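User: I should like to learn how to read this structure. May we begin with the ligand and then turn to the helices and the confidence scores?

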Amino acid sequence: MSLFATTTADYYHLSFLKYYYCSLSGLKSVGEPVLMGEAPAFFADDLQARFSNGFHLKLKDFETATVVGNKTYVIGGIDEPTSTGVRIFDESTGEWVIPTVLGTKPKAFKSHSTVLLNKDRILIIKSNSKSNDSAWFLEVDTQFVRDQKKKFGSEVVAWSKGVIGDSERPIVISGPSGVGKGTLINMLMKEFPSMFGFSVSHTTRAPREKEENGVHYHFTNRSVMEEEIKAGKFLEFAAVHGNLYGTSIEAVEIVADAGKRCILDIDVQGARSVRASSLEAIFIFICPPSFEELEKRLRARGTETEEQIQKRLRNAKSELEQGNSPGLFDHVLVNNDLEACYERLKKILGLNGSMDATPKTPTGVFALPMDLSLSKIDEKILINSGNADQKIVLDLSSIKGGAPGRTRGLYMYTADLHTDDVTNGNF
Ligand SMILES: Nc1nc2c(ncn2[C@@H]2O[C@H](COP(=O)(O)OP(=O)(O)O)[C@@H](O)[C@H]2O)c(=O)[nH]1
Ligand SMILES: Nc1ncnc2c1ncn2[C@@H]1O[C@H](COP(=O)(O)OP(=O)(O)O)[C@@H](O)[C@H]1O
């Protein structure tokens, strides 16, 4: 368990920060001695120990410094669009490093506090913010960041927005062209408009007559899409029927942010990639009753040229084989009679006509104070303000996800706590 919090400062040296903020919180951590720094001489000694070259860290307004091993992460400047907002002092080399910054960066914020979690991510709580937009994570050594460091061959950090509450598992629907995926998805969205949201993919294929950009697909060109893939914006992508298709991280997050359950219509390769990702989805494969019927539907749809139909039918053979490969799909549905297939789909998703179709949205949004400090006690963060007894508790015990997407499963509530409650962990 660590108890280490920093907040916005003008000028501090690192060791000072380390001890000062623990004393700011005025709280005792449970089961561990409290780090309280009172004597200035102590800070000077500690500074010598940490920086034999006498290095002093000068922070600008609204910057914080958080020490992770040999590195000190200075966070600030988030209001400047050109700034990365993050710089790192590497004590082992005595040099500053400007890292590659991935993930979705927070919009302008100034005053904030930070606390290090599990030595792999820094929690940032924005002052004077709404509880549903107050928590952000800067990942510094998570699996995702370690992978990206290898890829870029340089220092990498990644932002991830903290989301209060959880959303239901996304649904991946795959199957050969013409099997009826789009038809079934449209039926679900029509019957439960507030419950489901469609992940709008990117594609390099040309739009069909009735397709709208941004609604059915984000129509793009190959070079732009390839650049965006390189920049890490996609959860998955694949070449299908000679075009590039992909699900951007943003496409899935937009749906979840709206409190809706996300539906992805992607091919088998994409399903495989999502299986390997951190997105815990339900995987459903739709089969035709026969190959002849598939061909009939594809032709009857009248959206493809003969050449494209032939290509889609050739690909359907291997897709059908892969769809039945063990461990990939949780459910296989044969779309023979449309209504019957739709009923079975609803059953898999736990829907029966009488259920409450209201979306899951976080409740109880409240304001966080201007002046705050943080203390970490096990899996909970106490957000302390001027009011000694009234605390805000951020429970991180069931967080999931993270960069390059959102970090979900945060719970935040206010509590009237006395020092004894905190000492005994009663909150
Ligand atoms: N991997 C992946 N496949 C996608 C994505 N979007 C669509 N697809 C798949 O690409 C294939 C072709 O889609 P489309 O051109 O709309 O034709 P349709 O399947 O005949 O309606 C289908 O198998 C889709 O499921 C995506 O974002 N990623
Ligand atoms: N069970 C079904 N029986 C007959 N026709 C169907 C059935 N399901 C879908 N269709 C039709 O088949 C065509 C292809 O369906 P579509 O939803 O576009 O497939 P996909 O999205 O899998 O490519 C459409 O014209 C649709 O109306």
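User: How far does a backbone N or O atom of Gly180 lie from an oxygen atom of ligand 2?

Analyst: A polar contact is a pair of N or O atoms within 3.5 Å. In this predicted model, a backbone N or O atom of Gly180 lies 3.0 Å from an oxygen atom of ligand 2. For Val179, the corresponding distance to an oxygen atom of the ligand is 3.3 Å. A backbone N or O atom of Asn336 lies 2.9 Å from a nitrogen atom of ligand 2.

User: Which residues come nearest to ligand 2?

Analyst: A residue is near a molecule if one of its heavy atoms lies within 4 Å of it. Of the 13 residues around ligand 2, the nearest are Gly178, Lys181, Thr183, Arg301 and Asn335.

User: At what angle do the axes of helix 8 and helix 9 cross?

Analyst: Helices are DSSP runs (H or I) of at least four residues, numbered from the N terminus. Axes are lines fitted to C-alpha atoms over the stretch in contact, and angles run from 0 to 180 degrees between N-to-C directions. The axes of helix 8 (residues 291-301) and helix 9 (residues 306-323) cross at roughly 145° and come within 11 Å. Contact means heavy atoms within 4.5 Å; among the residues making it are Phe291 and Arg301 of helix 8, and Ile309 and Leu320 of helix 9.

User: What pLDDT does the chain average?

Analyst: pLDDT is the predictor's confidence in each residue, from 0 to 100. The chain averages 82, and 79% of the residues score at least 70. Over residues 1-52 the pLDDT is below 50. Where pLDDT is low, the predicted coordinates should not be read in detail.

User: Which conventions apply?

Analyst: Residues are numbered from 1 along each chain as its sequence is written, while chains are lettered from A and ligands numbered from 1 in the order in which they are written. Local features need pLDDT of at least 70, side-chain atom pairs count only at pLDDT 80 or more, totals for chains, interfaces and linings use all residues, and side-chain values use heavy atoms, with hydrogens and water left out.

Definitions and conventions
Helices (H or I, at least four residues) and strands (E, at least two) are DSSP runs, numbered from the N terminus. A polar contact is a pair of N or O atoms within 3.5 Å; within protein, one must be able to donate a hydrogen and the other to accept it, and residues adjacent in sequence count only if both atoms are side-chain atoms.
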